[in-house]
2 protein chains.
Amino acid sequence: MPDGWPPGPAGVESFCRLLLDACVGHASAVKANLAFFEAWGSQGLAVLERVRAALPSDLPFIADAKRGDIRSTSARHSVALFDSLGADAVTVSPYLGGAAIEPLLERADRFAYVLCRTSDPGSGELQDLAVTARPDGEEVPIPLYLRVSRRAAAWDAGRGTVGLVVGATGPAELTLVRQNAPGLAFLVPGIGRQGGDVGATLDSGPARDGPAARRPGGGLLVNLSRSISRAAVGAADPAKALEEVARSWAARLRV
Amino acid sequence: MPDGWPPGPAGVESFCRLLLDACVGHASAVKANLAFFEAWGSQGLAVLERVRAALPSDLPFIADAKRGDIRSTSARHSVALFDSLGADAVTVSPYLGGAAIEPLLERADRFAYVLCRTSDPGSGELQDLAVTARPDGEEVPIPLYLRVSRRAAAWDAGRGTVGLVVGATGPAELTLVRQNAPGLAFLVPGIGRQGGDVGATLDSGPARDGPAARRPGGGLLVNLSRSISRAAVGAADPAKALEEVARSWAARLRV
């Protein structure tokens, strides 16, 4: 939310509608970060439900929820996100393993992006640890995030329902993840305000094989949040400012 | 929800009230798994808000949300869970590192349980990987979940705001986690329907030093869900059946 917008769920709703009216014509998908709605409780979630219902039916909607729990709970996450909220795709944490989150991976008409290498400082604390499945040292250790990328490809098992979240702020890591998971679609945050590398993202982001490689742009989705929404701050015509910045980013990113 | 209860948010609310009226007198805390409310959308979250507001004010309330995102999002999780929902404690994923989830760890009057070793089959897929911060092999590898337990102790840094989720279904792992994090309070799921080990939990669960060791039971919280709620299935007097099973478990678990 830009400064100056009225705080509370009503302000969130009116800003979301302004933002989406201005930008959806330039977007390949819309991603909502659930925490920013949940901060307003059930009223905030109701706002998101209405905003989602107003989106064009052919525009993919991603529920950025970063869920991850045991299997019986993941089955309820699937209902909450795919059925109740109407998400086409979700974000999910790998920490509990593939079997636990399978209810979010198994639906042929939906999609799940597994957190792999995130975009913030300090994200390497666990993700960069050298791991091996064989502590006797006979297997060469690789960083945990690369292990996650390989496991996610195994979880997908050719179904085409699993992708990865890989931040643009680590261009070297983005390249390594692409080498380890050539067929998975990427969702890439960190471009814009977080300082991510556009060139490296467009080079390494598109999938190289499998169903994702045959999708537009190799299945690459680049997520822009504050770098668009902040255009409304202090603008004489916020809708026009938002539409212009969305148009400009779309021109830079469409491949 | 036991079979035979009306599906939908109204049924969830009436069952929660029956369950809590029968059981809170025997409970050290109440934990709600948010997914089971979110499956009913904003109406379901509103049910949880009302159920939480009706709890005794001196009974700790844990929002089992398993959240984990970059820092700016974690700040909104803190508002959503601690302020909007009124949680005293939350569950949180470690995958993005301590700096990312610090907004959930830093509040002196609240608490966060970090996912460490979970209770379901397959949870070892990542958690049991041998990790080292030094890929040259000069540091002895340890399982990822033990690394998480040590990092969580470092994130706590003596503040007494961080604990661990460690499943009772892995009694050997529970003992190892306690050795690696002697001062952190444990939240232990997996007792009852999941077949966890009560004896090992009571032996290794209580904290050995620090503020948690001076709390009742060494800060150990054992979570029971289906092993209580299923007592209502087919009971002539569901409230009585729930109260009896809660009383029985409390007698087994209070130390």
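Predicted model: local features only at pLDDT ≥ 70, side-chain atom pairs only at ≥ 80, totals over all residues.

Colleague: Why is P211(B) called partly exposed?

Modeller: P211(B) has 16 other C-beta atoms within 10 Å. Buried needs 20 or more and exposed needs 12 or fewer, so a count in between is called partly exposed. As for its place, P211(B) sits in helix α10 (residues 210-213) of chain B, and its C-alpha is 30 Å from that of G124(B), 87 residues apart in sequence.

Colleague: How do you know that β1(B) and strand β2 of chain B pair?

Modeller: The two are joined by 4 bridges and run parallel. Pairing takes at least two bridges, so they qualify.

Colleague: Which way do the residues of β1(B) point?

Modeller: V30(B) and A32(B) point one way, K31(B) and N33(B) the other, and all are buried. In a regular strand the side chains alternate between the two faces of the sheet.

Colleague: What makes β5 of chain A and β5 of chain B a pair?

Modeller: These strands, residues 130-132 in each chain, share 3 bridges in the antiparallel sense, and the threshold is at least two, so they pair. Here T132(A) has A130(B) as its bridge partner. The open sheet of 4 strands reads β6(A)-β5(A)-β5(B)-β6(B).

Colleague: Why are the β6 strands called edge strands?

Modeller: In chain A and in chain B, β6 (142-143) pairs on one side only.

Technical notes
Residues numbered from 1 in each chain as written. Chains lettered and ligands numbered in written order.
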